[in-house]
Amino acid sequence: MAEGHRDKRVKPGYVLNPFDEPLLRKCDGFMKTILKRNQAVHFAKPVDWKKMGLHDYPKLIKQPMDLSTVSDRLARNFYVRLEDWANDMRLVWKNAFIFNAPDSMYFKAAKVLSDLFEKKLEEFEREAESVNQPQLDTMERCNLVLADMSRNPLAEWFREPVDHVSLGLTDYTKVVSQPMDLGTVQKKLERGQYLSPDDFAGDVRLVWQNAITYNSASSMFGVVASILAQTFDRRFALITRSASLDPGRPIPDRPGWPTFQQKKKFYDLCTKLTLADLNQMVGLVQRTCPGGVQQCGQKEVEVDVDELDMDTFNKVMQWVSSKTHSKPVKNES
C-alpha cells in the first residue's frame, strides 16, 4: 500500500551527524568527565572474567566493551558518525544489564551512566541539527531513525517478532494484544503503509510498550525498553520540529475520493487480515481497479489506496470489514 509511490529509503551516501573536529573534542571531553564518575570504575577497563572467576561471562557477553576502549577508538578517529560512538557506549551498559541482576550495584551504576550519557547525547544531537539540518523529507528521516534504532545494541531483543512459542511464553498473546517489532515497522515503512510520521511513531512506541507491559518496568527488558523509548522520542522530536515543509506528508483529501480517516481505518483493518485474506483482497482490487495494485519486487504486489476510486474503495472496505467484523467508515463528503 504505497503512499504516492515515494521511496522512503535514505538517499545513498547520506551521513547523519558525521564526526568533525569540534564534535570529536566535545565527545572526548565528555569521556574524560564520565570516567571521573564513581560508577565508571566498574566499566573503565575490560572485564577480567578469568581473574574474577566469572566463567559464564564469555558465554553471555558476545561483544565485550569498556570505556577505555571507547576512549582509545575516539582518539584514533575510529568512529565515522556520532551514532557509532554512541553505540559503543551503549554496548558497555548493555553488557552490564545482561550479566547483572536489576537490583545489583553494577546494573544500577550502568543505568545511572546510561541516563547521563543519553542526556549529553541529546545536547550533541541538537547542536548538530542546528548547524547542519538534514535535507531529507520527513519519511526519509523516519527511515534513518529506524535504522539507527535497529543498530542500537540495546535493540537486540526488538528487531524481530517475539517467538513466543519457542520461548515458551504461553501467555504472551493474552498479555500483548498487538505484537510489534522493528523489523515489521521497517517492512511497513518500505511498503508505504504509514499515512503519517505519527502512525510510524505509534508502531515504534508499541514495541517498547509491549516489552514493558509483558516484563514489567523494573525488569531488564523493561529498563532497556524505557531507555530505547526515550531515545526514540528524542530523535523523533527532532524530525517533527523540522517538518514544516515536508514533501512526504499524506496526500490531501480530494472530493469524491477516500478521506484520510477512511484510508487510516482501512490500513488498521488490513493489519488484522490473514495472509489468505490479503491475497483475496488484492485479487478483488485487481478485478475492479487494476491501477490500484502495484508490483513490489518479483513476486510481491501491494494495494495503493491512493489510487482507488470511491466505488472500488467502498467495495473493498466492505469486504475487509466483513472479514474483521467491523463497521465501515461512512463517507461524509
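A search of the whole structure, which is a predicted model, finds one cavity of 30 Å³ or more, a cavity being a set of points on a 1 Å grid over the protein atoms alone where a 1.4 Å probe fits but cannot get out. The space in this largest cavity comes to about 70 Å³, where a volume is the space filled by probe spheres set on the grid points, which are joined across faces, edges and corners. Local features need pLDDT of at least 70 and side-chain atom pairs count only at pLDDT 80 or more, whereas totals for chains, interfaces and linings use all residues. Residues are numbered from 1 along each chain as its sequence is written, and side-chain values use heavy atoms, with hydrogens and water left out.

The lining of the largest cavity, meaning residues with an atom within 4 Å of a point, consists of Leu-16, Asn-17, Glu-125, Glu-129, Arg-141, Leu-144, Val-145, Arg-235, Leu-238 and Ile-239. At least two lining residues come from each of α6 (105-131), α7 (138-151) and α11 (220-241), the helices (H or I, at least four residues) and strands (E, at least two) being DSSP runs numbered from the N terminus. By residue class the lining holds five nonpolar, one polar and four charged residues, where Ala, Val, Leu, Ile, Met, Phe, Trp, Tyr, Cys and Pro count as nonpolar, Asp, Glu, Lys and Arg as charged, and the others, Gly among them, as polar.

## Largest pocket

The largest pocket has a volume of about 1,200 Å³, a pocket being an open set of points with protein on both sides within 12 Å along at least five of seven lines. Its lining comprises 40 residues, and Lys-188, Arg-191, Gln-193, Cys-270 and Thr-271 lie nearest the centre.

Elements that each supply at least two residues of this lining are α9 (182-190), α10 (197-215), α12 (260-270), α13 (275-288) and β2 (300-303), and α13 gives the most, with five residues. The lining of the largest pocket divides into 18 nonpolar, nine polar and 13 charged residues.

## Salt bridges

The count comes to 19 salt bridges, each defined as a side-chain nitrogen of Lys or Arg within 4 Å of a carboxyl oxygen of Asp or Glu. In one of them Asp-148 pairs with Arg-81, the closest N and O atoms being 2.9 Å apart. This pair links distant parts of the chain, with Asp-148 in helix α7 and Arg-81 in the loop between α4 (67-75) and α5 (82-99), 67 residues apart. Both Asp-148 and Arg-81 are buried, the term standing for under 20% relative accessible area, as against over 50% for exposed and values in between for partly exposed (1.4 Å probe, protein chains only).

Arg-90 and Glu-83, both buried, also meet through their side chains in a salt bridge (2.8 Å, N to O). A further salt bridge joins the side chains of Arg-235 and Asp-148 (3.0 Å, N to O); here too the partners come from distant parts of the chain, Arg-235 in helix α11 and Asp-148 in helix α7, 87 residues apart. Arg-235 counts as buried because its relative accessibility is 6%, and Asp-148 is buried with a relative accessible area of 0%. Through shared partners, salt bridges join Arg-81, Glu-83, Arg-90, Glu-118, Glu-125, Asp-148, Arg-151, Arg-234 and Arg-235 into one network.

## Aromatic pairs and charges over rings

The whole structure contains 17 aromatic pairs, in which rings of Phe, Tyr and Trp (its six-membered ring) have centres within 6.5 Å, with planes under 30 degrees apart counted as stacked, over 60 as edge-to-face and the rest as tilted. The rings of Phe-200 and Phe-232 form an edge-to-face pair, because their planes stand at 65°, with the centres 6.0 Å apart. Phe-200 lies in helix α10 and Phe-232 in helix α11, so this pair ties together parts that are 32 residues apart in sequence. Phe-200 is buried, with a relative accessible area of 0%, and Phe-232 counts as buried at 0% relative accessibility.

The pair of Phe-266 and Phe-313 is tilted, because the planes lie at 55°, with the ring centres 5.8 Å apart. Both of these residues, Phe-266 and Phe-313, are buried. Elsewhere, ring pairs link Phe-30, Trp-85, Phe-117 and Phe-124 into a cluster. The charged end of Arg-73 sits over the ring of Phe-78, 4.4 Å from its centre, where the rule asks for NZ of Lys or CZ of Arg within 6 Å of the ring centre and within 35 degrees of the ring normal. Lys-94 likewise has its charged end over the ring of Trp-157, 5.4 Å from the ring centre.
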